[in-house]
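Keep the structure open beside you and find each residue as you read.

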Amino acid sequence: MVCFRLSPVPGSGLVLLCLVLGAVSSYALELNLTNSEKATCLYAKWQMNFTIHYETTGKTFKTVTISDLGTVTYNGSSCGDKQTGPKIAVQFRSGFSWVVNFTEEATSYLIDSISFSYDTSDNTTFPDAKDKGLITVSDPVGLKIPLNNIFRCNSLSTLEKNDVVQYYWDVHVQAFVQNGTVSTEEFLCGKDKPSTTVVPTSPTTVPSPTMTPTPQEKPQVGSYSVHNGSHTCLLATMALQLNITHDKVASIININPNKTNFTGSCHPQTALLRLNNNNIKYLDFVFAVKNENRFYLKEVNFSMYLVNGSVFSISNNSLTYWDAPLGSSYMCNKEQTVSVSGGFQINTFDLRVQPFNVMEGKYSTAQECSLDDDTILIPIIVGAGLSGLIIVIVIAYLIGRRKSYAGYQTL
């Protein structure tokens, strides 16, 4: 038997369904596999979406984002037996499937592999695809977890292979559940561990990236959007400039939006915009809701290929930039710096973002940053003018009085 829970739009409550390999439409999945004795053998709760890059008949390339899974089935999911381990099998939309295999060792179990299949014969999802047919991408994971521990990774994780990028977050999974009871002992992924991100070390005499001369050319403004089905759920317009210091070498990179792919996802409390190109594996902007009435930039994840073939990666999930009320957008036309770490900053120009409550695909009224707010100059100018006028009057008075006093002495 398979039990799974939907996490619907806030305000509509929770619905718990238990049926034999049934189907349901959701964006957050919660799966509870039971054995013949109706005891839980595998538990999983997670969110995921996919980005697929494919070639068209016109010899161009398109990118498809699969964030709305539509109707989901779990045919083939099992607790496993002596010959085979447990397995989660998910089918969704037209020709999509996703399978996770688990294996057991003496004191641990492994998330052994993940495979994802899609059918480019589906003209609705893959219009003008050059190659038609079923394509499967398999990734060996080999993640080892202690027995009787539940694996948790709320942070965004990715698997990249060939033309497919798989995104996972809010992951909770336990295979080989002991005595039918899901464990409260958590085994955390690296991003969820409460430790400071290790930044590539460099001597203190190396100048900060902010001290590096800025290129004369201003980065080009790009427009990005994220869709949830047919609905636009995130808008972003900005010019981006990356400041990187690695192994005593400072670099400044302007992002060309014409050569940049973008994808993302939207949820009630979080939203993601992901950029990537030939050199940048990913640049993630993760937004969050705070106090139920405001949003802000909470997290930036970045990874890129360096000239020497190595990879520079950094992340920070405790940022507090771009704060604005829900139902509005955030705007800052002047140059602004997002300091992700000592070795990585992002300069933004002509910025406007709205990660929540986008209506009719258009920006709402903007809250401007303090750098753009010229109203503060008005009292300063007026005050300076009045001060100057008072000084002139006082000087004129003193000069006039001195002349009058000098004339009186002469008389």
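Let's start with Tyr109, which counts as buried because its relative accessibility is 0%. Keep in mind that this is a predicted model. A search through the whole structure turns up 18 aromatic pairs, and it also finds 4 disulfides.

**Tyr109 and its ring partner**

- A pair of aromatic rings is described by how far apart the centres are and by the angle of the planes.
- The ring centres of Tyr109 and Phe176 are 6.2 Å apart with the planes at 50 degrees, so this pair is called tilted.
- Tyr109 belongs to strand S10 (residues 108-119), while Phe176 is in the loop between strand S14 (164-175) and S15, so the pair ties together parts that are 67 residues apart in sequence.
- Is Phe176 buried or exposed? Phe176 counts as buried, because its relative accessibility is 17% and the cut-off for buried is under 20%.

- Tyr118 and Phe126 make another tilted aromatic pair, at 5.7 Å centre to centre and 35 degrees between the planes.
- Tyr118 is buried, with a relative accessible area of 4%, and Phe126 counts as buried at 0% relative accessibility.
- Which residues do ring pairs link into a cluster? They are Phe50, Tyr54, Phe92, Phe96, Phe116, Tyr118 and Phe126.

**A charge over a ring**

- Have a look at Lys290 too: its charged end sits over the ring of Tyr296, 5.4 Å from the ring's centre.

**The disulfide of Cys153 and Cys189**

- A disulfide is a covalent bond between the sulfur atoms of two cysteines.
- Cys153 is joined to Cys189 by one of these, with 2.2 Å from S to S.
- The link of Cys153 and Cys189 is right-handed, with 75 degrees about the S-S bond.
- Why does this pair tie together parts that are 36 residues apart in sequence? Because Cys153 sits in strand S12 (residues 150-153), and Cys189 is in the loop between strand S15 (186-188) and strand S16 (221-228).
- Cys153 counts as buried at 3% relative accessibility, and Cys189 is buried with a relative accessible area of 11%.

**The disulfide of Cys233 and Cys266**

- The sulfur atoms of Cys233 and Cys266 are 2.0 Å apart, and the two residues form a disulfide.
- This link of Cys233 and Cys266 is right-handed, with 75 degrees about the S-S bond.
- Cys233 is in strand S17 (residues 231-246) and Cys266 in strand S19 (residues 261-266), so the pair links distant parts of the chain, 33 residues apart.
- Cys233 counts as buried at 7% relative accessibility, and Cys266 counts as buried at 14%.

**The disulfide of Cys332 and Cys369**

- Cys332 and Cys369 also form a disulfide, with their sulfur atoms 2.1 Å apart.
- With 70 degrees about the S-S bond, the link of Cys332 and Cys369 is right-handed.
- Cys332 lies in strand S25 (residues 329-332), and Cys369 is in the loop between strand S28 (366-368) and helix H1 (377-410), so parts that are 37 residues apart in sequence are tied together.
- Both Cys332 and Cys369 are buried.

**How the cysteines pair up**

- What is the pairing if you number the bonded cysteines of the protein chain in sequence order? The pairing is 1-2, 3-4, 5-6, 7-8.

Key
Residues are numbered from 1 along each chain as its sequence is written. This is a predicted model: local features need pLDDT of at least 70, side-chain atom pairs count only at pLDDT 80 or more; totals for chains, interfaces and linings use all residues. Side-chain values use heavy atoms; hydrogens and water are left out. A disulfide is a pair of cysteine sulfur atoms within 2.5 Å. Helices (H or I, at least four residues) and strands (E, at least two) are DSSP runs, numbered from the N terminus. Buried means under 20% relative accessible area, exposed over 50%, partly exposed in between (1.4 Å probe, protein chains only). Rings of Phe, Tyr and Trp (its six-membered ring) pair if their centres lie within 6.5 Å; planes under 30 degrees apart count as stacked, over 60 as edge-to-face and the rest as tilted. A charge sits over a ring if NZ of Lys or CZ of Arg is within 6 Å of the ring centre and within 35 degrees of the ring normal.
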